[in-house]
Amino acid sequence: GVVPTDPSDCNVNDGTITINASSTNALEYSIDGGTTWQASNNFLGLAGGTFTPAVRNVDGTCEVLAPQVTLVQPSVPSIDNVTSTDPTECDSINGTIIVTASGANVVEYSIDGGFSFHPSGNFTGLGAGNYQVAIRNLDGSCQVNGQTITLTAPSAPIITEVTETDPSNCGLA
């Protein structure tokens with residue numbers, strides 16, 4: 001039998017194919033339909049793609065092809081749009097960031113650079129500060145880092161000096 005393992009992440013070539021076969025003779029193995037052969041039945045470091053496993057005797061006789069095997073590489077999601085609203089008051093925490101994304105898989109969203117992820121791209125209750133947008137596939141693969149969003153609250157006025165003048169005469173207010 002043929003045992004495939006898909007690559008674990010985008011742009012990571014860690015897929016595998018193991019061909020299990022038995023014979024009274026020593027065997028050679030191929031995953032390109034017999035173009036190239038190797039002594040090991042394990043093929044490591046594979047990217048996504050379609051492969052044609054084959055087995056033959058080490059002397060080149062009795063070649064047997066197995067059905068094609070397809071390794072699926074996770075697909076990269078994309079950040080489609082990011083909108084934000086600043087907090088309305090100096091110390092309020094009513095700012096928002098809304099991230100929309102698309103991809104072949106369900107996407108998770110982050111505004112802390114990928115430290116924590118959430119199922120929704122709607123973030124509310126935010127104070128002033130910098131927020132690093134990121135998304136990834138639900139299985140944790142293919143993280144995409146987006147822009148840094150800066151939410152700014154209105155500046156608080158600063159009292160720099162208070163002056164006073166005493167009444168000039170008794171009984172005057």
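**Bridges, burial and cores**

Student: Which residue in E4 is the bridge partner of Thr18?
Tutor: Asn42 is the bridge partner of Thr18 in E4. This is a predicted model, where local features need pLDDT of at least 70, side-chain atom pairs count only at pLDDT 80 or more, and totals for chains, interfaces and linings use all residues. Residues are numbered from 1 along each chain as its sequence is written, and side-chain values use heavy atoms, with hydrogens and water left out.

Student: What makes E2 and E4 a pair?
Tutor: Two strands pair if DSSP finds at least two bridges between them. A strand is a DSSP run of E, at least two residues, numbered from the N terminus. Strand E2 (residues 15-19) and E4 have three bridges, in the antiparallel sense, so they meet the definition. Gly15 stands opposite Leu46 in E4.

Student: How many bridges join E1 and E2?
Tutor: Four, again antiparallel. One joins Val2 to Ile19 in E2. The open sheet has the order E1-E2-E4.

Student: Why are E1 and E4 called edge strands?
Tutor: Strand E1 (2-5) and strand E4 (42-46) each pair on one side only.

Student: What makes E2 largely enclosed by the rest of the structure?
Tutor: Buried means under 20% relative accessible area, exposed over 50%, partly exposed in between (1.4 Å probe, protein chains only). Five of the five residues of E2 are buried, so E2 is largely enclosed. Gly15, Ile17 and Ile19 point one way, Thr16 and Thr18 the other.

Student: Why is Ser110 called buried?
Tutor: Its relative accessibility is 0%, so Ser110 counts as buried. Ser110 lies in strand E11.

Student: Which residues touch the most other members of the largest nonpolar core?
Tutor: Ile97, Val99, Tyr109 and Leu126, out of 14 residues. Such a core is a set of buried Ala, Val, Leu, Ile, Met, Phe, Trp, Tyr and Cys residues joined through side-chain atoms within 4.5 Å. Strands giving two or more residues to this core include E10 (95-102) and E11 (107-110). A second, separate core of eleven residues includes Ile17, Ile19, Ile31 and Leu71.
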